[in-house]
Number of protein chains: 2
Amino acid sequence: MDSYIAPVELNKAHRLINHGPTVLVSARHDGVDNVMAAAWACALDFMPPKLTVVLDKSAKTREFVEKSGLFAIQVPTAAQLQLTHKVGNQSLVDHPDKLLTSGVELFHVDGHDLPFVAGCSAWLACKLIPEPHNQQAYDLFIGEVVGAWSDTRVFKDGHWRYESADPAWRSLHYVAGGHFYAIGDPLSAVDGVQE
Amino acid sequence: MDSYIAPVELNKAHRLINHGPTVLVSARHDGVDNVMAAAWACALDFMPPKLTVVLDKSAKTREFVEKSGLFAIQVPTAAQLQLTHKVGNQSLVDHPDKLLTSGVELFHVDGHDLPFVAGCSAWLACKLIPEPHNQQAYDLFIGEVVGAWSDTRVFKDGHWRYESADPAWRSLHYVAGGHFYAIGDPLSAVDGVQE
């Protein structure tokens, strides 16, 4: 694990996705790893932290999540624009070498049997909370966040540092057709508090 | 309704929230209107369009949604930073004049018995899809989008125009403690397509 990566307290884990970034979802089953992009991921609870993610029935990653009961959510950066677009548009079914050709490099975190994508700004290890009706009717999956980490060059001491980090670290916010927006400038309400 | 406001095709309605903005949730019950802010709202399906939103049990808006079966999701702008922060931090229970003191101005759309917040960039009229288990266990509400509109100065012909619109139109992305980020610059993948 890169020396810049540090754990994030679980009670602050929601902050890693609170601003609505497009994420990468990764999962492992039977010795095979996969990674996909998902614009539809969202925090669900503070403590224990939970999140939702929509995984289409055609996605191989979904099958791995259902079989392993585990998945990782990670926040890709502007530097990973092409990677994010590519893993979001290719299925492992048709492209068995998808991760290689997309430039995905995986790393391991002790205690978590999951593939984590290198170069992201934040990682959330999740345990599936099985909800068969949601999964079947809505493609909606709920996970409990059991571990969280950030790259301290862009998220440190519980806060995103987009304003001082290199713009290549900015989160991606997908719209449609390969078009994203990067996260922009900070805005603070006048009675905002420093937490 | 303002002359800049135009309907958005339902099959493109997800684009209004696909980039993960913090939203305003409004609802009406028994002649009373309320508006709250929610960072945890997310697209769920394309067609018919659906979305999820997390509504805490302490929120009066939640009660109105449960009783009326209807709610509106709207995308506030950087110009509405204070308004968004204020409606997100005050409850109608303690502040009966909350909308007035927050500067919320409501407008009507024919055919929808809902309060819509003026000055936003986009609006989604939603019909609750009752899922009692999700609502009780996770505070998670699912809505079907039955109407969508945008302010054409910032979303037109199915696309956000943040790069050419005044920065005051940018969406808000909440982190914590009154701190938000505005949406930033566009980024396009090299094989992105114009839809």
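This talk covers a sheet, a helix and some aromatic contacts in a predicted model.

I start with the sheet. Four strands make it up, in the order β13(A)-β14(A)-β14(B)-β13(B). The sheet is open, and its pairing is antiparallel. Which strands stand at the edges? They are β13 of chain A, residues 172-176, and β13 of chain B, residues 172-176. Each has a single partner strand, so one side of each is left without a neighbour in the sheet. From one strand to the next, the twist averages 40°.

Now one pairing in detail. On the chain B side, β13(B) is joined to β14 of chain B, residues 179-188, by four bridges. These two strands run antiparallel. As an example of a partner, B:Leu172 is bridged to B:Ala182 in β14(B). In general, strands of a sheet pair through backbone hydrogen bonds.

Next, the helix. In α1 of chain A, residues 60-68, the residues A:Thr61, A:Arg62, A:Phe64 and A:Val65 are buried. Why are they on the same side of α1(A)? They cover an arc of only 160° around the axis, and that puts them on the same side. What do the buried residues of α1(A) pack against? In chain A, they pack against the strands β2 (23-29), β3 (32-38), β6 (70-75), β9 (122-129) and β10 (140-151), and against the helix α4 (132-138). After α1(A) comes A:Gly69, with a positive phi near 70°.

That leaves the aromatic rings. Over all chains, a search of the whole structure finds 16 aromatic pairs. One of them is A:Phe107 with A:Phe116. Their centres are 5.8 Å apart with 35° between the planes, and the pair is tilted. Are these two residues buried or exposed? A:Phe107 has 15% relative accessibility, so it counts as buried. A:Phe116 has 0% and also counts as buried.

Chain B gives another case. The ring centres of B:Trp160 and B:Tyr162 are 4.6 Å apart and the planes are at 10°, so this pair is stacked. Both B:Trp160 and B:Tyr162 are buried.

Back in chain A, ring pairs link A:Phe107 and A:Phe116 with A:Trp123 and A:Trp149 into a cluster.

Last, arginine over a ring. A:Arg153 lies over the face of A:Tyr4, at 3.6 Å from the ring centre. In chain B, B:Arg153 lies over the face of B:Tyr4, at 3.6 Å from the ring centre.

Definitions and conventions: Residues are numbered from 1 along each chain as its sequence is written. Chains are lettered from A and ligands numbered from 1 in the order in which they are written. This is a predicted model: local features need pLDDT of at least 70, side-chain atom pairs count only at pLDDT 80 or more; totals for chains, interfaces and linings use all residues. Side-chain values use heavy atoms; hydrogens and water are left out. Two strands pair if DSSP finds at least two bridges between them. Axes are lines fitted to C-alpha atoms, for helices over the stretch in contact, and angles run from 0 to 180 degrees between N-to-C directions. Buried means under 20% relative accessible area, exposed over 50%, partly exposed in between (1.4 Å probe, protein chains only). The arc is that of the directions from the helix axis to the C-beta atoms. Contact means heavy atoms within 4.5 Å. Rings of Phe, Tyr and Trp (its six-membered ring) pair if their centres lie within 6.5 Å; planes under 30 degrees apart count as stacked, over 60 as edge-to-face and the rest as tilted. A charge sits over a ring if NZ of Lys or CZ of Arg is within 6 Å of the ring centre and within 35 degrees of the ring normal.
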